[in-house]
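Hello,

Here is the structure I promised to pass on to you.

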Amino acid sequence: MTQQNTAGREALRQTLAARFRTFIEPEYVISDDETLRPYECDGLSMYCEMPLLVVLPGTVEQAQQVLKLCHQQSIPVVARGAGTGLCAGAMPHAEGVVLSMARFDRILEIDAPSRSARVQPGVRNLAISEAAAEQGLYYGPDPSSQIACTIGGNVAENSGGVHCLKYGLTVHNLLSIELLTVEGDRLTLGSQGLDACGMDLMALMTGSEGLLGIVTEVRVKLLPKPEVAQVVMAGFDSVQAAGDAVGRIIAEGIIPGGLEMMDSHAIVAAEAFAQAGYPVDAQALLLCEVDGTEEEVHEHIDAVETLFRHLGATSVRTSHSEEERARLWKGRKSAFPAVGRISPDYYCMDGTIPRGQLAHVLTEMQKMSDEYGLRVANVFHAGDGNLHPLILFDANTPGEFEKTEAFGGRILELCVEVGGCITGEHGVGIEKIRQMPVQFNDQEVAQFHRIKDAFDPQGTLNPGKGIPTLRQCQEYRSLNPRLEPNSPVAAQAHSHQEAGHG
Amino acid sequence: MADLSAQLQHQVIAARTDRRPLTIVGGNTKAFMGRSPVEEHTRLDLSGHTGILTYHPVELVLTARAGTRLTELEAALAEQNQMLSFEPPRFGPEATIGGTLACNQSGPGRPWWSSIRDQVLGIRMINGRGEHLHFGGQVMKNVAGYDVSRLQAGAMGTLGVMTEVSLKVLPKPAASRTLKLAVSADEAIGIMNRRALESRPLTAACWYQGHLYLRLSGALSAVEATLARWEGEVDDAGDAFWQQLRDQQLSLFDGEAPLWRFSVSPSAPLADLEGEWVLDWGGAQRWYRGEADKARMEAIAAAAGGQVSLYRGGDRQQEVMHALPPALQQLQLRLKEAFDPDHLFNPGRVYSWM
């Protein structure tokens, strides 16, 4: 940046800060570099950018005024919750304002009779369940960051967790949302009923990564806490055998509350970290949790144990107390930090695949791992096909992050090739924007842009995220000559592959 | 089983060239829904665009062409002991999966087994430019791009012509029983909401003509333990009741009087309206028969935290959906034009201005 530009940017920053301070308490308008620094990235810290300003409004009216002002001056606005996102979706724009919703942290109402809670967007995911616990209720989606991540961010990313197969994603657990448009208009989508007339705008908003509007209030569904939950852990001597076991549980008509798989690298790392009692010599480990009424859980746990033994599990263990259940889960829940201990850095990917393709995908990934000289450990939401490969690398080795990114990109392409997608729950943000053309052709990307234009014609809400420009798509295709996605030919290739695992 | 997508695409392109609107028709069992267009438009017929494309029972995912009949899907699923968990209503054997999604139709199990909107994973659709596009996919978790698939639920075809639908399906419950007890509507609202707070295998709850019906489904042991614990007589005709409720074959649905659908908070008190009600979805979907002023019905729905629509009968030249605030109306119109710039698809079907 030239000196003149720097001076111009600083002048804009101070003028704008002064305007905001006329209606927001001065300490909540951040304009000095030192205090701005923590906002330069979200949970994916490889991507950083210093914002022009950060504002933390305390009321919807203040947020509305921020948006109106920015809209008038065509200044980009990036909404932010707790900053725990994993796709750089909340990475600031250099010429823009970060609109932090952190002060909107009140639970407005727990309505037990209708099993719903009305909360502000900055409320932490786990705080909703904690507040509802007294009534025997909880909020379903439980992303691994639930202790810190906010419900507003969950709506923006359509967050999942380990219980999605049975209890759904964020989009399945919302009743209504209130939002501000880029012009600062207030809208309510959904209702206290289970649907609303006309096209489902609430579904469209969910997972839209802050590109279409700013969520200011959320009404979520609450669920009755299951009477009891038990988990069965089983080790297998091959990924294929563990994958088959998952298919058989489903075929038995059992929908587990949680169904997680780990490969041998992840098992060893997690066991060293958590001492959960995992079989470290197994090639794959399954954790199958059944929840519900006491009778149902006993019936299904018996069936799952029998099935695992019958399918050649090398070890089977069932929790008989809450303490034991927590210990068995501890290894899985700490898998990421555990992997962090065996490598200076790790990079978490987030593709989804049809479950039947797991063994094939892991074999291909091992080949890539050898090719790139980078280790990879896998944790897998086996119930819903969401795969989290963790690529181990050292950011201090020059060029290694670039190599890691290239490896990660290849993994995502592989996920699409086998009939899956590039992101199951972390979002596209900046991180996966390069891979979007693998999943969508130019006409589809153009349709996404027309949706964006309907909400935000100037394109100032979270610019540069989520949807690639057509130019980016063309660049990608010129570097990666391959079938155009979703063309009839590609569709045929896809169904041909699928025939192999039906 | 036939793939008519190329032909459908040509018809859309031709309609665009001629600036000639289209009425999208599948099995034509839901013609009574939405507004009646003042003028007849050319029909775009999807009833021949049928067939299950992929079905992997262990993946719990099925993909079918939009004109595929629900009966065909259910037969294929039943072979694997699986089901469409949203219990789609059918007002005729010709009802299709595309029409079910477009009209967002789900049956009695909706609060517990979710809706078609919840279970849709991906679609193919032809937009108003005649482009055949693919959104979502065949996996349960997918957050790449905007959720265009679920946006279609309730749009009644106004955004485009769906040609393929991918869905999450579920295993059939091992056992299902219905409890019946005689209570007033007000008492029923209280009981339904209290029972829903328990961790018990409740999968449907409805009050009709002085009786509350509660369906329990799941592992036999859990169903039997709950039957022993909860008040009410086991109703051996329970399955027939839920089917008649789903397909609107109960006597309340007979006749010509306007049928209003309230989608409201399940715990909202019963509105002070003379006439007959059915309280389905544990209280969240309420049917009312009778002549009434729409503005008054909207006020009642709003007070109950939700919306109302004139589902069947009455004056269908007027608006039949709950009125929208101006900002939301403008946004919907801009989205409509983002998909269908020339207003080709089902003009005026959802709202007069769309």
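A term to begin with: a residue is called buried under 20% relative accessible area, exposed over 50%, and partly exposed in between, with a 1.4 Å probe and protein chains only. Helices (H or I, at least four residues) and strands (E, at least two) are DSSP runs, numbered from the N terminus.

This is a predicted model, where local features need pLDDT of at least 70, side-chain atom pairs count only at pLDDT 80 or more, and totals for chains, interfaces and linings use all residues. Residues are numbered from 1 along each chain as its sequence is written, chains are lettered from A and ligands numbered from 1 in the order in which they are written, and side-chain values use heavy atoms, leaving out hydrogens and water.

Let me start with H14(A). Of its 18 residues, 13 are buried, so the helix is largely enclosed by the rest of the structure. The helix covers residues 400-417, and its end C-alpha atoms lie 26 Å apart, in agreement with the 26 Å that 1.5 Å a residue should give (the expected span is 1.5 Å times one less than the number of residues).

Now to where the two chains meet. With contact meaning heavy atoms within 4.5 Å, 90 residues of chain A and 81 residues of chain B take part. The buried area (accessible area, 1.4 Å probe, that two parts lose on being put together, summed over both) is about 6900 Å², and carbon and sulfur atoms give 58% of that. On the chain A side, Leu194(A), Cys197(A) and Met199(A) lose the most area to chain B, together 11% of what that side buries.

There are 8 salt bridges between chain A and chain B, each a side-chain nitrogen of Lys or Arg within 4 Å of a carboxyl oxygen of Asp or Glu. Arg117(B) and Asp200(A) meet in a salt bridge, at 2.7 Å from N to O. Among the elements that give two or more residues to the chain A side are strand S9 (186-190), helix H8 (239-251) and helix H16 (442-455) of chain A. H16(A) gives the most, with 9 residues.

Lastly, Thr35(A) sits in helix H2 (residues 33-36) of chain A and counts as partly exposed, at 38% relative accessibility. Its C-alpha atom is separated by 11 Å from that of Met50(A), 15 residues apart along the chain.

Best wishes
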